[in-house]
Each structure stands twice: as structure tokens, then as C-alpha cells.
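Here is a short briefing to read with the structure open beside you. Have a viewer ready, and let's walk through it topic by topic.

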Amino acid sequence: PVPVLLGAGLMSKPMLVSAPFILLLLDYWPLRRFEQPSSTKGTGKVLKSPKQRVIQRLFLEKIPLLVLSAGSCVITFVVQKRAAGAIAPLPFLWRVQNALVSYVIYVWKTLWPTRLAVFYPHPNNSLAIWEVILAIGLLVGITAAATVLRRQRPYLFTGWLWYLGMLVPVIGIVQVGEQARADRYTYLPHIGLFLVLAWAVADISGRSRLRRRFAAAVAVTVIIAFASCAFIQTSYWRNSETLWTHTLAVTSNNDIAHNNLGYLCIDRGDLDKAISHFEEALKIRSGKAETHYDVGSAFVQMNLADALALKGQSNEAIAHYEEAIKLQPNYADAYYNRGNVLFAQGRIDDAMADWEKTLQIQPTDADAYTGLGNALLQRGSVREALAHYEQALALAPHDPHSRNNIAWVLATASDPTIRNGTRAVNLAQEAIQLSDGKEALFFRTLAAAYAETNRFSEAIVTAKQGYGIAAGRGNSNLARQLTGDLALYQKRTPLRRMFSTN
């Protein structure tokens with residue numbers, strides 16, 4: 001059952017690859033299996049095996065677990081390398097230096113859990129040599145002490161090596177993200193430190209009643225203090241804004257925090273503040289010339305471009321999309337978003353080129369098919385536009401916009417061989433249902449579909465519903481269009497869009 005459980009654990013969290021090593025430590029202490037006798041067949045009595053045979057047996061039983069761990073390592077490595085947006089590693093020396101210092105910082109944060117953050121920027125090559133030397137000295141000194149005292153205090157040896165060994169997969173030698181370290185990585189490694197602490201307290205306080213009372217009083221004080229720290233820390237997770245604002249307060253040069261705060265500002269419509277955060281993030285990242293940071297820098301460039309586009313600064317937005325593409329030539333989202341801005345500027349051919357490039361990189365991008373459909377429709381290529389809308393619907397079957405686009409063409413095309421009022425009604429009704437009846441544009445489409453099928457009374461009611469939603473949201477342009485549609489329906493005239501066809 002142990003290999004099965006380890007396999008399940010590895011599928012949940014690959015950092016369990018160090019579990020076979022931890023089990024060997026537990027064999028050493030407290031199980032003391034390295035000292036166990038084994039029977040010799042045929043002698044009729046129990047004899048102590050040579051130490052080499054005992055060690056060999058313990059290692060052999062771990063082989064299935066080691067195979068599982070090795071397989072997990074290979075799979076994780078391959079998946080991360082093949083993943084879209086996989087980043088190049090930092091220089092090996094930088095990673096080693098950061099790993100050594102992080103080992104010590106994790107211990108310190110355990111004993112003094114303050115200034116915790118959701119993201120710690122990597123120091124790159126900025127660590128002082130004395131910090132690295134001090135970290136090496138502390139790690140070597142503690143390891144040597146645990147080794148020397150392993151017979152008298154075996155819990156020191158097991159607990160400390162548990163901590164060191166279980167952090168290896170996530171300590172940063174193999175760089176996965178841009179972080180220097182992450183508090184979330186320590187929940188299993190810290191078991192080793194707590195093991196040392198628990199047995200050390202029991203060892204020290206167990207000799208006299210006075211010491212036990214003193215230890216109990218200290219334990220209560222520590223629990224209250226840590227509970228207070230936990231209460232304060234959880235308050236920073238109240239929402240995303242407090243989380244990332246706190247992160248900025250307790251770290252320096254944190255471009256990730258600025259980027260995420262920029263996102264939040266966009267969501268609430270504060271574009272100026274969003275742009276300020278994105279620009280600050282790019283200013284910090286300008287000092288990170290390593291290719292390791294190109295993916296993240298391209299991401300921030302695109303976020304800034306999106307914010308500028310929303311503010312109406314199209315040319316500035318396009319410049320930042322181009323910077324993002326320079327950093328990541330196969331950045332599908334940057335091509336797609338730039339295509340949207342170009343389309344809004346009336347540069348139809350350039351927009352279509354960007355969306356076609358998006359599909360070369362990401363063939364299943366339904367939004368790019370929709371964009372091409374919109375461009376083709378504007379150029380009068382109705383049949384081609386409809387084909388692209390159908391492709392978008394096939395790729396994103398739960399997207400209401402694809403249904404609405406198809407329904408609009410089927411209900412309003414000037415060519416009677418394209419129109420299909422019955423299907424338009426069905427698709428428009430599905431679009432409204434999928435959007436919970438919140439999109440005025442979908443009601444306009446359904447009204448047009450009803451009119452195409454000569455259900456003018458329903459068309460009038462539906463158009464009025466759409467008008468109410470549009471007016472309530474301040475969309476005066478759509479409300480004005482619906483008013484014009486209503487005038488047609490009241491005359492029992494269907495809506496026609498003067499498209500040319502191929």
C-alpha cells in the first residue's frame with residue numbers, strides 16, 4: 001500500500017519525490033530499523049545480521065518508491081519544459097546562492113513569522129557575499145552538530161535532515177517561477193523542525209517538575225503569540241487588494257505585486273492607477289536583462305497595452321504590444337489583443353493578419369476566429385464570416401457570443417439564401433440563456449430573428465427588453481439602434497443589413 005499512497009501523493013504534489021529519503025530517516029529514528037536483528041533460515045535461532053545486510057534490506061525496500069519519485073521528476077521536468085510560456089533558468093550560481101540563504105530564512109520565518117508575503121522577488125546576483133557565507137556556516141554547523149549528537153539526540157539528526165531533504169525539490173536549484181522562495185513550500189519540510197523542537201523540549205523539561213511547568217508556561221505564551229501572528233496574517237488575505245498591497249509593504253522591487261494590483265485597478269475601472277502600476281512593474285523589470293524574465297516582461301507589456309487601449313490611447317498600446325511580441329515572438333494573446341486595437345482603428349487588413357498569426361500559434365483560439373469573422377463581415381464577405389463564426393462556436397460551445405454572431409447574420413443578411421430565421425431564433429435564445437439575460441445586444445439579435453420569422457409582436461416585446469437593459473447601463477448608442485429597430489417591427493418590417501456576399 002505504501003507505493004500506492006506515494007503514487008497518489010505524487011500526483012497531488014510532486015515535491016513528495018523526497019519521501020523515500022524521509023522514510024529512511026524514520027527507519028533510523030524513531031523506528032531504529034537499522035539496528036533490528038533478522039532471522040537466518042535453517043539455524044533455528046535468531047542471529048544479528050551484519051550492518052551491511054540491514055542497510056541493504058532497507059534500501060531495497062525503497063526501490064519501488066525511488067522509481068515512482070524518479071518518474072515523477074522526469075514527468076514534471078518534461079511538462080514544465082514543454083509548457084507554454086516556460087521560462088529559461090537563471091544562472092546556476094545565482095540559484096545556489098539563493099537556495100543557501102533561503103534555507104536559513106525559512107528557519108528564521110518559522111521562529112519569527114513576520115513580514116510574510118505571497119511573493120518574494122528573486123535577488124538575482126544582489127546577495128552580499130557575507131550573507132551567503134553566513135548561510136553556509138550556519139547550515140554546515142547545524143548539520144555537523146546534528147551528526148555528532150546523533151547517538152545521544154537522534155531526533156536532531158532525523159528532524160534536521162528531514163527539513164534539508166524535503167526542501168530540495170522546491171529550494172530553487174531547479175528554478176520554476178520567478179520567486180526567490182515561497183512560504184507555501186514549507187508545510188512538509190517544517191515537520192522536521194517541529195519534530196526537533198518537540199523532542200528537544202521534552203528532553204530538557206523531562207528532568208524536573210519545575211522545568212516542566214516552565215516549559216508549559218512558555219508553550220502557552222508561544223501559542224498565544226503565534227495565534228496572534230496568524231490572525232494578523234490572515235487579515236491580509238481578506239481580498240486581493242489587501243494581499244498585494246501588504247506584499248508591496250514588506251518586500252522591495254516587487255514587480256509581480258505591482259502587476260497584480262494593476263489588474264485589480266482595471267477591474268474597477270481605475271485605468272490611470274492601473275497604468276501607473278504596470279509602468280512601475282516595467283521599470284523594475286528593466287533591470288532584469290536575463291532571458292529568464294522575458295516571458296513575465298512580455299506579460300506586463302501586454303497588460304500595460306491593454307490598459308492604454310481601454311483608455312483610448314491606441315498608438316501607445318500598439319507600441320507596447322510590439323514590445324511584448326519582441327520579447328516573446330509567439331505570444332498569441334499579444335497578437336490577438338493588438339488585432340482588436342487595429343480593428344477599432346479601421347486597419348482591417350492589419351487586424352486580420354494579427355488574428356491569423358494568433359491562429360498559427362494557437363489554432364483553437366475561438367476569439368481569433370470571431371475577430372476574423374467580424375472583419376470579414378465588415379468587408380462584406382458574409383459567407384466567409386459565417387464560416388468563421390461557426391468555427392468559433394465549435395471551439396467554444398458554451399460561449400454565447402458565437403451563437404449571437406451567427407444568429408445576427410442568419411436573421412439580418414440581405415441575401416435570402418443565407419438567412420435562416422428559425423435557427424437564428426434558437427441560437428439567440430440560447431445566447432440570452434447562457435448570459436443570464438444581461439446582454440442587451442443579444443435581445444436585439446433575438447428581436448431581429450423573431451421579425452425574420454414574422455413574429456413581430458414578440459420582436460417588439462424583445463426589442464423593448466433590450467432597450468431597457470441598454471438604457472439602464474448607459475449604452476445610448478445601442479438604445480438608439482433598438483429604437484430604430486422598433487419602428488421597423490411596428491411596421492411589420494424585418495431588419496436587414498446591407499451585406500454583400502462572395
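D436 sits in the loop that joins α20 (421–434) to α21, and its phi is positive, about 60 degrees, although D436 is not a glycine. This is a predicted model, so please read every value here as computed from it. The points below begin with backbone geometry, then turn to the cores, some individual residues and a surface patch.

**Backbone geometry worth a look**

- D436 has a relative accessibility of 61%, and it counts as exposed because that value is over the 50% cut-off.
- Most residues other than glycine have a negative phi, and most peptide bonds are trans.
- R32 is another non-glycine residue with a positive phi, in this case about 55 degrees.
- You will find R32 in the loop between α2 and β1.
- With 37% relative accessibility, R32 is classed as partly exposed, because this value lies between the 20% and 50% cut-offs.
- P30 belongs to the loop between α2 (19–28) and β1 (38–39).
- The peptide bond leading from W29 to P30 is cis, and its omega is near 15 degrees.

**Nonpolar cores**

- In soluble globular proteins, nonpolar side chains tend to be buried together.
- In this model the largest nonpolar core is made of 76 residues, and I406, V409 and Y489 have the most contacts inside it.
- Helix α21 (residues 440–452) is the biggest giver to this core, supplying nine residues.
- Which residues does Y489 touch, once residues up to four places away in sequence are set aside? They are R444, A447, A448, A451, F456, A459, I460, A463 and L495.

**Buried residues in helices**

- A470 is part of helix α22 (residues 456–472).
- Is A470 buried or exposed? Its relative accessibility is 2%, and A470 is buried because that is under the 20% cut-off.
- Beyond its neighbours within four places in sequence, A470 has contacts with A440, N475, L478, A479 and L482.
- A470 and E439 are separated by 31 residues in sequence, and their C-alpha atoms are 8.2 Å apart in space.
- T412 lies in helix α19 (residues 400–412), and at 0% relative accessibility T412 is buried.
- A polar atom of the T412 side chain lies 2.6 Å from the backbone oxygen of W408.
- A281 is in helix α12 (residues 271–285), and A281 too has 0% relative accessibility and counts as buried.
- Apart from neighbours within four places in sequence, the residues in contact with A281 are D255, H258, N259 and V300.

**A nonpolar patch on the surface**

- I129, W130, I133, L134, L138 and I142 make up a nonpolar patch on the surface.
- Together, the residues of this patch have about 620 Å² of accessible area.
- One of them, W130, is located in helix α6 (residues 129–148).
- W130 counts as exposed because its relative accessible area, 56%, is over the 50% cut-off.

Technical notes:
Residues numbered from 1 in each chain as written. Predicted model: local features only at pLDDT ≥ 70, side-chain atom pairs only at ≥ 80, totals over all residues. Heavy atoms only, no water. Patch = residues over 30% accessible without salt bridge, like charges linked within 9 Å, V, L, I, M, F, W, Y side chains within 5 Å. Areas by Shrake-Rupley, 256 points an atom, 1.4 Å probe, with all protein chains shown as cover. Salt bridge = Lys/Arg side-chain N within 4 Å of Asp/Glu carboxyl O. Helix = DSSP H or I, 4+ residues; strand = E, 2+ residues; numbered from the N terminus. Buried < 20%, exposed > 50% of the residue type's maximum accessible area, 1.4 Å probe, protein only. Core = buried A, V, L, I, M, F, W, Y, C linked by side-chain atoms within 4.5 Å. Contact = heavy atoms within 4.5 Å. Polar contact = N/O pair within 3.5 Å; in protein donor to acceptor, adjacent residues only side chain to side chain.
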